[in-house]
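Hello,

Here is the structure for you to open on your side. Once you have had a look, my notes follow below.

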Amino acid sequence: MSDTTSLLPAVQSFLSSPKKLLIDGELVDAKDGQTFDTVNPATEDVLVKVAQASAVDADRAVVAARTAFEHGSPWSRFSPRDRSHLLWRIGDLIDEHAEEFAQLESLDNGKSLASARGDVGVAAELFRYFAGWATKMEGTTIPMSVPGRDFHAYTRREPIGVVAGIVPWNFPLTMAAFKIIPSITAGNTVVLKPAEQTPLTALRLGELLLEAGLPAGVVNILPGFGDAGAALVAHAGVDKVAFTGSTEVGKKIAASASGNLKKVSLELGGKAPNIIFNDADLDAAVAGAALAGYFNEGQCCVNGSRLYVQRDVFDEVVAGVAAAARAITVGDAFDPATTMGPLVSQEQHEKVMGYVRGAVEDGATLTAGSPDPARERGYFFSPTLITDVTEQMAVQTDEIFGPVITAIPFDTEDEVVAAANNTVYGLAAGVWSRDLGTAHRVGGRLRAGTVWLNTWHADDVTLPRGGYKQSGWGRELGSFGLDDYTELKTVIAELR
């Protein structure tokens, strides 16, 4: 963005000085003094220098989190009601600073300002939703009797301890909230490692947490690279790792965390099938397919990137999705006309272009889009639709994480279900049909954690999310999301 006068004074102030680590309630430099640049993907300009955490800083943060967790600390004296009030207060503070967060997110990530505003609203609502759960994590009384002896048996939910949250760059603020909120709702403490591409909103959130009254050390934030994340995963003082990101990295985390058998929850990659039957409302299905594939610049793990269309309506649907792709305005996040911003980084830009060029070399057809950059400067890429694809092509099997949809025709239900499930992933899927019997039957046969019927990306903070197969372990959000952040203790007392 060339016109900085449109930035809020608070954003200009935030960017006016190097960003530091948040450890034990203080903004501090990295121990070795290292920094890195965070870049605006629309302009390739440096936004600000950020402290680069190392393994030494990871240890400092874990020690702070452990100290804050232990009995006798201010955090251990917070009652469930106190935590509830705190969470609600944080949600209100995010709302008060919503435009500031949205501008920072757009600058750092590249997504349109409108999209960023939506993400900020979700983050605020997450804090308020979990505020209600802080007072409702109840145990159960269990009947128990032995002839001649009386017992009182019950269960109780207790916090795990220190949680390491490692988050990706596609939804920086909301992903940070996904890890922080259930952790502190349950009474844990957190060390958050944001993605190196997008650290700014996590750091600003850390400042607001302290303003809201969160005790020092309860949430610590370590911008940096993979070495800092790896140090957290292997650290003996960490009791749980919560990770969102690629399946490749998720496997490494699972292996490393086994050292002290720390608990692990993983939301990993996806390659979601989107199935359109010939009796679907085609106008709705075409619009839904475009949304499914191109939402958030295609950088969303539940996007419907594999489009399957029943053969007798295939040409009509493909033409509709191609027209929708060409109607998307690719541009700077702060331009009101923009509906798709740049990809997040040069690395991601080159990766997406490589997949599209590879597909063309393998004989596929570009029905919309281009394998080349959409602009001379910035990491812009046009929404792309590819036909004449086979199930063996890399563009069909691999998670690309860009605005790329592949389209393949099918004839029968059994055929398309087999093709849809023929993937290592199982995060999301969708079905379009006016026949609700067909929609529910096919949806029930798809191996995915979320299945949309006659819609896509409809969501709510009350609903759990997670994946089958190599799309992860565990569930986030909803009441189910708290299970992975608590220990269940059974107490048996003999009555005398």
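Which helix and which strand each supply at least two residues of the lining of the second largest pocket? They are helix H3 (80–96) and strand S7 (149–159). Before the rest, a word on the basis: this is a predicted model, with local features needing pLDDT of at least 70, side-chain atom pairs counting only at pLDDT 80 or more, and totals for chains, interfaces and linings using all residues. Residues are numbered from 1 along each chain as its sequence is written, and side-chain values use heavy atoms, with hydrogens and water left out.

**The pocket**

The second largest pocket has a volume of about 420 Å³. Of its 15 lining residues, Arg83, Glu158, Pro159, Ala186 and Gly187 are the closest to its centre. S7 gives the largest share of that lining, four residues. By class, the lining has eight nonpolar, three polar and four charged residues. (Nonpolar covers Ala, Val, Leu, Ile, Met, Phe, Trp, Tyr, Cys and Pro; charged covers Asp, Glu, Lys and Arg; the others, Gly among them, are polar.) Helices (H or I, at least four residues) and strands (E, at least two) are DSSP runs, numbered from the N terminus.

**The cavities**

The structure also holds four cavities of 30 Å³ or more. On a 1 Å grid over the protein atoms alone, a cavity is a set of points where a 1.4 Å probe fits but cannot get out, while a pocket is an open set with protein on both sides within 12 Å along at least five of seven lines; lining residues have an atom within 4 Å of a point. Grid points are joined across faces, edges and corners, and a volume is the space filled by probe spheres set on the points.

The largest cavity has a volume of about 100 Å³. Its lining numbers 14 residues, with Gly298, Cys300, Asn303, Ser305 and Phe401 nearest its centre; six are nonpolar, six polar and two charged. For the second largest cavity the volume is about 60 Å³. Among its 16 lining residues, Pro273, Ala420, Tyr425, Gly426 and Arg447 lie nearest the centre.

**A sheet and its helices**

Seven strands form an open sheet of mixed pairing, in the order S15-S16-S17-S14-S13-S18-S19. Strands pair if DSSP finds at least two bridges between them. At the edges are S15 (365–368) and S19 (450–453), each pairing on one side only. Strand S16 (residues 384–387) runs parallel to strand S17 (residues 404–410), joined by three bridges, and Thr384 stands opposite Val404 in S17.

Helix H11 (residues 314–327) lies across S13 (273–276), S14 (306–310), S15, S16 and S17, at about 65° to S15. Helix H14 (residues 413–420) lies across S13, S14 and S17, at about 175° to S14. Contact here means heavy atoms within 4.5 Å. Axes are lines fitted to C-alpha atoms, for helices over the stretch in contact, and angles run from 0 to 180 degrees between N-to-C directions.

**A helix pair**

Helix H5 (residues 113–133) packs against helix H6 (residues 172–185) at an angle of about 10°, with the axes 9 Å apart. That makes the two roughly parallel (the term for angles under 35 degrees). The contact includes Leu126 and Phe130 of H5 and Phe178 and Ile181 of H6. By class, this contact has twelve nonpolar, two polar and one charged residues.

Best wishes

How values were computed. Angles under 35 degrees count as roughly parallel, over 145 as roughly antiparallel, 65 to 115 as roughly perpendicular and the rest as oblique.
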